[in-house]
Amino acid sequence: MRAAGLFRGLDQATRYTVEIMTSVVAELLELADHAAAALPLPAVKQAFLPPNRKGTGKPGEFCALRLADDSVGTAFALLDDTLARMQERNAGELVGQPALDVARRFGSDDPVERALGLAAVNAITQHVFRQAGYEPELATDSLGSLGIGPGDHVGMIGFFPPLVERVQELGLPLTVVELRAELVREAPGLSVTLDSKRLKGCNKILSTSTVLLNNTLEEILANCRHAEALALVGPSASCFPDCLFTRGVTTLGGYWVLHPTEFMRRAAALEAWGDTGKKSNLQRQAYPGTNVLLLEAMRRQARTGHSP
């Protein structure tokens, strides 16, 4: 369907938000296509689909795909009934599948397929980075390098208790946007709301990466266009950053797996990932661009005479 037909009959605000989500997914998959055209992409070598994680704490919240070159991508698996439905799947069915074929599932309306697709996009991203010799910086600030200070009004998408406490310790006003009505409250210096339009009063904003999966990305970006800094953080945000940077995101904080064998073992054992990887930090002003990295990866391949 042509874009004009897709948006016909929608008001301007709705057209804007629909267009953002449609184009973000399309552009991420287009970059994955470019990667496949430039570099033969490895197939899926190993897949982890979380089992019942009751009583395990944080471990088991993510699915993970490991490619044949040991690049690993993850995606959040606890949205709605995604985990329960994912448990009905056989992880072995993914082994041997081309990474690009799995990545294209990110465009699906099915939340399980979408999570698997994003994990594959993230794995392809790591593959491209590695082939280009590009390693993201280590994230040293859990607040997404927002550089918050006096005079800032901080926004947060998703309620992160430790980070809420940090902002409150700094004595700064904080507005948290949540999907869970039971968390809504008003307190001195703190507002927890279901209304994402309240973000328009915030100049520094931190967002959970689950917005890439739960159909809220367009709404969040539409209400953050004014922000001085917008950080999108979490293991699911380990994708090509280009289309997010052009839409107002200033920092993309994902997860870079350093020791894939041990990472997959710990994931399967529902253990903390620990030192098997690091929280990564991509800054809009410093990122060279994915097409630049693809060119560098191709140059490296030509110099060595070997395919990745």
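For residue classes I count Ala, Val, Leu, Ile, Met, Phe, Trp, Tyr, Cys and Pro as nonpolar, Asp, Glu, Lys and Arg as charged, and the others, Gly among them, as polar. The model is predicted, so local features need pLDDT of at least 70 and side-chain atom pairs pLDDT 80 or more, while totals for chains, interfaces and linings use all residues. Residues are numbered from 1 along each chain as its sequence is written, and side-chain values use heavy atoms, without hydrogens and water.

I looked for cavities (sets of points on a 1 Å grid over the protein atoms alone where a 1.4 Å probe fits but cannot get out). I found two cavities of 30 Å³ or more. A volume here is the space filled by probe spheres set on the points, with points joined across faces, edges and corners.

The largest cavity holds about 90 Å³. It has 15 lining residues (an atom within 4 Å of a point). Closest to its centre are Phe129, Ser238, Tyr255, Trp256 and Ser280. I sorted the lining by class and got nine nonpolar, six polar and no charged residues.

I then assigned elements as DSSP runs numbered from the N terminus (helices H or I, at least four residues; strands E, at least two). Helix H5 (111-132), strand S12 (255-257) and strand S13 (277-283) each supply at least two residues of the lining of the largest cavity. H5 gives the most, four residues.

The second largest cavity has about 40 Å³. Its lining is Phe76, Leu79, Thr82, Pro111, Arg114, Ala115 and Leu213. By class I noted five nonpolar, one polar and one charged. H5 has the largest share here too, with three residues.

Note on methods
On a 1 Å grid over the protein atoms alone, a cavity is a set of points where a 1.4 Å probe fits but cannot get out, and a pocket is an open set with protein on both sides within 12 Å along at least five of seven lines; lining residues have an atom within 4 Å of a point.
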